Amino acid sequence: MDLADYRRDYLQGAIRRADLCESPVAQFETWFEQATDSGMVEPNAMVLSTTSSAGQPSQRTVLLKTFDERGFVFYSNYESRKAREIAPNPQVSLLFPWIGLERQVIIQGRVEKISPDKSLRYFLSRPRESQLGAWVSQQSSVIENRAHLETKLAEIKSKFAGLAVPLPPFWGGYRVRPTSIEFWQGGSGRLHDRFLYTRKEDEWLIERLSP
């Protein structure tokens, strides 16, 4: 299939240096609220990129659950492929593809585990089925068929019947501490607006990039 002529112009807006917050996290919050208000499906969905020990990058979509000046938090199985790649190389990238707004945000930084107490607090806020699912899945491992999962779920339901579901020891949160955040706004004629925030000690340097 030839997609060479599959294109559209970007006309929804532009960003100027004077429009930007001095903090990239504050700027992200503004854009995130606009993405939410637009009716976009799961604006907190982000592509997490990690790298294997052999240098092979891999990506998957995860959900942002909280963010502040310290960083961006998501949750995962600590035995998953992403976790195995993060352990020796905690440098990661996040991508928010807000295509409906002709925008994207790219966050690069270093990831670290959050405290077990914070992981537990979030785990207890999840629906019970999601709590049970965390115990069922040996994430990224090869399984024979779906029946394997359904059998394991039945076992876990029986095990915790009438009880609160505890936090699995292999499950919890990660925080990505950003070292750079890029905001991209599509522009007419492919003259996009790109602004890069780069952390310099306790301050953020803001630079415009060529599209």
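Here is a short chat about a predicted model of one protein chain.

Visitor: Hi! How many helices and strands are there in the protein chain?

Guide: Hello! This is a predicted model, and its protein chain has 5 helices and 9 strands. Read along the sequence, they follow the pattern α-β-β-β-β-α-β-β-α-α-α-β-β-β.

Visitor: And what does the C-alpha trace span along its principal axes?

Guide: The C-alpha trace spans about 60 × 50 × 40 Å along those axes. The chain has 211 residues, and buried residues make up 40% of them.

Visitor: What share of the contacts comes from residues 24 or more positions apart?

Guide: Such residues account for 65% of the contacts with a separation of 6 or more.

Visitor: Let's look at some strands. In which sense do E1 and E2 pair?

Guide: Strand E1, residues 45-51, pairs with E2 in the antiparallel sense, over 7 bridges. One spot to look for is Ser 49, which stands opposite Gln 59 in E2.

Visitor: How many residues sit between E1 and E2?

Guide: There are 5 residues between them, and the two strands form a hairpin. In the turn, Gly 55 has a positive phi of about 90 degrees.

Visitor: Which side chains of E2 are buried?

Guide: Along E2, residues 57-63, the buried ones are Ser 58, Arg 60 and Val 62, which point to one face.

Visitor: Nice. Over to the helices: which residues of H3 are buried?

Guide: Helix H3 covers residues 116-125, and its buried residues are Ser 119, Tyr 122 and Phe 123. Looking down the axis of H3, these buried residues fall within an arc of 105 degrees, so they line one face of the helix.

Visitor: What is exposed on the other side of H3?

Guide: Over there Asp 117, Arg 121, Leu 124 and Ser 125 are exposed.

Visitor: And what do the buried residues of H3 pack against?

Guide: They pack against strand E4 (71-77), helix H4 (128-136) and strand E7 (171-185).

Visitor: What about the second largest pocket, which residues line it?

Guide: That pocket holds about 170 Å³ of space. The residues lining the second largest pocket are Arg 8, Tyr 10, Pro 97, Trp 98, Ile 99, Glu 102, Arg 103, Gln 104 and Trp 184. Strands E5 (91-98) and E6 (103-113) are the elements that give two or more residues to this lining. It divides into 5 nonpolar, 1 polar and 3 charged residues.

Visitor: New topic: where is Glu 42?

Guide: Glu 42 is in the loop between helix H1 (24-37) and E1. Although Glu 42 is not a glycine, it has a positive phi of about 45 degrees. Glu 42 counts as partly exposed, at 45% relative accessibility.

Visitor: And what phi does Arg 190 have?

Guide: Arg 190 has a positive phi of about 65 degrees, and it is not a glycine either. Arg 190 lies in the loop between E7 and strand E8 (193-200). At 36% relative accessibility, Arg 190 counts as partly exposed.

Visitor: Last one: is Ser 23 buried or exposed?

Guide: Ser 23 is buried, because its relative accessible area is 17% and the cut-off for buried is under 20%. Ser 23 lies in the segment before H1.

Visitor: What does Ser 23 touch?

Guide: Leaving out residues up to four places away in sequence, Ser 23 touches Glu 69 and Tyr 197. Ser 23 and Val 41 are 18 residues apart in sequence, and 26 Å apart in space from C-alpha to C-alpha.

How values were computed
Residues are numbered from 1 along each chain as its sequence is written. This is a predicted model: local features need pLDDT of at least 70, side-chain atom pairs count only at pLDDT 80 or more; totals for chains, interfaces and linings use all residues. Side-chain values use heavy atoms; hydrogens and water are left out. Buried means under 20% relative accessible area, exposed over 50%, partly exposed in between (1.4 Å probe, protein chains only). Helices (H or I, at least four residues) and strands (E, at least two) are DSSP runs, numbered from the N terminus. Two strands pair if DSSP finds at least two bridges between them. The arc is that of the directions from the helix axis to the C-beta atoms. Contact means heavy atoms within 4.5 Å. On a 1 Å grid over the protein atoms alone, a cavity is a set of points where a 1.4 Å probe fits but cannot get out, and a pocket is an open set with protein on both sides within 12 Å along at least five of seven lines; lining residues have an atom within 4 Å of a point. Grid points are joined across faces, edges and corners, and a volume is the space filled by probe spheres set on the points. Ala, Val, Leu, Ile, Met, Phe, Trp, Tyr, Cys and Pro count as nonpolar, Asp, Glu, Lys and Arg as charged, and the others, Gly among them, as polar.
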